[in-house]
Amino acid sequence: MMSRSYTNLLDLASGNFPVMGREKKRLPRVMTVAGVISELDDDQANSVSSDVPSSVVQDRIIIVANQLPVKARRRPDNKGWSFSWDEDSLLLQLKDGLPEDMEVIYVGSLRVEVDVDEQDDVSHILLDRFKCVPAFLPPDIHAKYYDGFCKHHLWPLFHYMLPFSASHGGRFDRSLWEAYVAANKIFSQRVIEVINPEDDYVWIHDYHLMVLPTFLRRRFIKLRMGFFLHSPFPSSEIYRTLPVREEILKALLNADLIGFHTFDYARHFLSCCSRMLGLEYKSRRGYIGLEYYGRTVGIKIMPVGVHMGQIESVLRLADKDWRVQELKQQFDGKTVLLGVDDMDIFKGVNLKILAMEQLLKLHPKWQGRAVLVQIANPARVSGRDLEEIQAEIQATCKRINETFGQPGYEPIVFIDKPVTLGERAAYYTVAECVVVTAVRDGMNLTPYEYIVCRQGVSDYDSGSEVSEPKKSMLVVSEFIGCSPSLSGAIRVNPWNVEATAEAMSEAISMANSEKQLRHEKHYRYVSTHDVAYWSRSFFQDLERTCKDHFRRRCWGIGLSFGFRVVALDPSFRKLSIDAIVSAFSRAKNRAMLLDYDGTMMPQTSINKTPSQEVITMINKLCGDTKNTVFIVSGRGRGSLGKWFSPCKKVGIAAEHGYFMRWPTKDEWEICGQSTDFGWIQIAEPVMKLYTEATDGSNIETKESALVWHHRDADPGFGSTQAKELLDHLESVLANEPVAVKVGQHIVEVKPQGVSKGLAAEKIFTKMAESGKQADFVLCIGDDRSDEDMFEIIGSAMNSGILSSDASVYACTVGQKPSKAKYYLDDTTEILTMLEALAEVSDPPSATQIVSGSPL
């Protein structure tokens, strides 16, 4: 049965919202399975899975984006709508890379506003004819969601533009964020109406829907879901300025695979996860993954490509051939440099035109010969910044043409109107060089389109053009996503106008043989890494990332955007206090091994001294002659001995077991293999060197070990320094009897043969030798060092040190991957459980109080 325990995420995230129109009829679910579909009401928050049995006939993927890949227009008689595929849409093109038998469903909004009375009819037409599910956003929410939060908050920020003033970028507006959340919820409702969560894949696209993964994951915790960001992801210094930064990060981490165009974008995302959420990524066999509450969230780096078939079909069109001849006549004897950009503030069109002016000044030979054709696609947004840049562009073009123009020659040809792909292909064909000077751009496929058009198609013409060597040149900004993949291009910093001008001159002056070699290299890459290759690669990684979804046990926990899924091994479960009390009561010889920091004492506590309640509880447990109780800690024996001095019958294993004090004994036993600490003279100067160089780090000196802490250092720098220190120490201590270990925010050097696992083994052995072989074991800890204890228990049972039918309770603190089979959520639950055991322990007899009861 589905859980109904979650409150409304939208209300928790953003307060009250206006009613979003009248109640609409639901779309029929599009299913490839048989079964009864239960209705999912808006006030439900189902968290596990569908009631539909999994009997899939064919695979299916639901692609979710802000806009559907369809065009809509009113019929001439104004009665209804006509629809057609948008052949330029990436969402439509990516189908080529998916398995041929895979059904594709699209969820998104339309570019036009549809009256409420027509929405049901439009929904059924789009579903029946196009397998599209439209999300209709109320006009007030759409304006705040798209024009407001997406275009005036996220889009500028992701392109490194900070809102320094109310008139420059605009201040953060909470109501726009609320509308963004509301819109994402509407998209989620449309997905839920058609999804079969046990069998479908979901692929979400771009920054408009970054919190959608939380809505869907909250409903179906084992849903297979990917997300791809088509814009840049900014550095952590920029992203951290966003007031809802953690909400968006946590929402994205509810996806199984997160894709980026370049490693830079992925690196920035990973840095944000590290600095804000404390998550570290790991690379294994070429795949990058983030461990997040037992789930591995995959990170995919793959730039999108162009649709080769579409461009090649355009190249075969007769009207394109006619247009090419017309352009060749228009620019006869001229060298054409081409720019194709959207008109926005980040495309650097003004910088490109200034660079052209510098080219003509610095290299007079190109006056009258070089022409920059700049195609400016219509602006998608408006604003004062854009108006200022447009005015600057117009004034600069006028000045350059007046200064360097001649009869029949204009150095700048500015085309400020929509241009079809066929028209662009004609310009690409005659251009000697394409120049892209965007100051920040997610990908930018203009260079790819240009390369394909310069190559042409093999059956395009039977004339002499076919045998001509193909050549092309590119001058591209180093700040765009396609730059890393175009190794033959001349990369520039667009802000350096003079250097850009020199690059343009070099490009058009280069020898034809060099242009040919660069073109061949680029074409090999572009033709093999097309949009189908990109979508195929992403989907294959999504399949791989999700392959264990239905094997693992999962729980959804947390409210609002703190919701996440905890994925654990099927045998891992919460420790039942009733069950352990029952086993405890039946046992005759009990071993209880308790970690201290993070287990009985919260990590966040400044005062680490145990409370009187803890001391009393430990004494109750130790008072039962059936119990052997040990504090097993990494702390020094001085502090542990002092803190637990009231507990005469408790055993203590200090510094991970290097020092041990047995119950009722006063002297400490050294359990390490070596008492030679000459290695400290080698290790300590190295640690001091890194401490001086790493602000926020410090050295803890123990009797048997040295520990370098970097918890308070910069997360990225501290982690890097820890890796360097590990390598350095392993090198200089290679011939010393020590082990160098990395822990959570620490690097530790300690004698070989010392671990909590070996300490546990000593305790079990001593009990067996004294005729008290343990038939009940409770072992509790919270970090990596405690995993050694959990691991040793199995081998102790196999070797006979522990009773073969012993009741074993290895318990970690918190729901996380562990070698323990049980968990409790926090120190409060640990103490509650220990108190329950103390209550059923037998009190000491009068004789035991007088004489004591040694192990």
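This is a predicted model: local features need pLDDT of at least 70, side-chain atom pairs count only at pLDDT 80 or more; totals for chains, interfaces and linings use all residues.
Me: Which strands make up the open sheet, and in what order?

Reply: Strands are DSSP runs of E of at least two residues, helices are runs of H or I of at least four, and both are numbered from the N terminus. Two strands pair if DSSP finds at least two bridges between them. Here 6 strands form an open sheet in the order β14-β13-β12-β15-β16-β17, with parallel pairing. β14 (412-415) and β17 (490-492) are the edges, each with a single partner strand, so one side of each has no neighbour in the sheet.

Me: How many bridges join β12 to β13?

Reply: β12 (residues 335-342) and β13 (residues 370-377) run parallel and are joined by 8 bridges; V336 stands opposite V371 in β13. β12 also pairs with β15 in the parallel sense, over 2 bridges, and there L337 has C433 as its bridge partner.

Me: Which way do the residues of β15 point, and are they buried or exposed?

Reply: Buried means under 20% relative accessible area, exposed over 50%, and partly exposed in between (1.4 Å probe, protein chains only). In β15 (residues 433-436), C433 and V435 point one way, V434 and V436 point the other way, and all are buried. On to β16 (residues 474-477): β15 pairs with β16 in the parallel sense over 3 bridges, with V434 opposite L474.

Me: How many residues of helix α6 are buried?

Reply: In α6 (residues 212-219), 8 of the 8 residues are buried, so the helix is largely enclosed by the rest of the structure. Among them are F215, R217, R218 and R219.

Me: At what angle do α12 and α13 cross?

Reply: Axes are lines fitted to C-alpha atoms, for helices over the stretch in contact, and angles run from 0 to 180 degrees between N-to-C directions. The axes of α12 (residues 349-362) and α13 (residues 384-404) come within 9 Å and cross at roughly 15°. That makes α12 roughly parallel to α13; the cut-offs are under 35 degrees for roughly parallel, over 145 for roughly antiparallel, 65 to 115 for roughly perpendicular, and oblique for the rest.

Terms used:
Residues are numbered from 1 along each chain as its sequence is written. Side-chain values use heavy atoms; hydrogens and water are left out.
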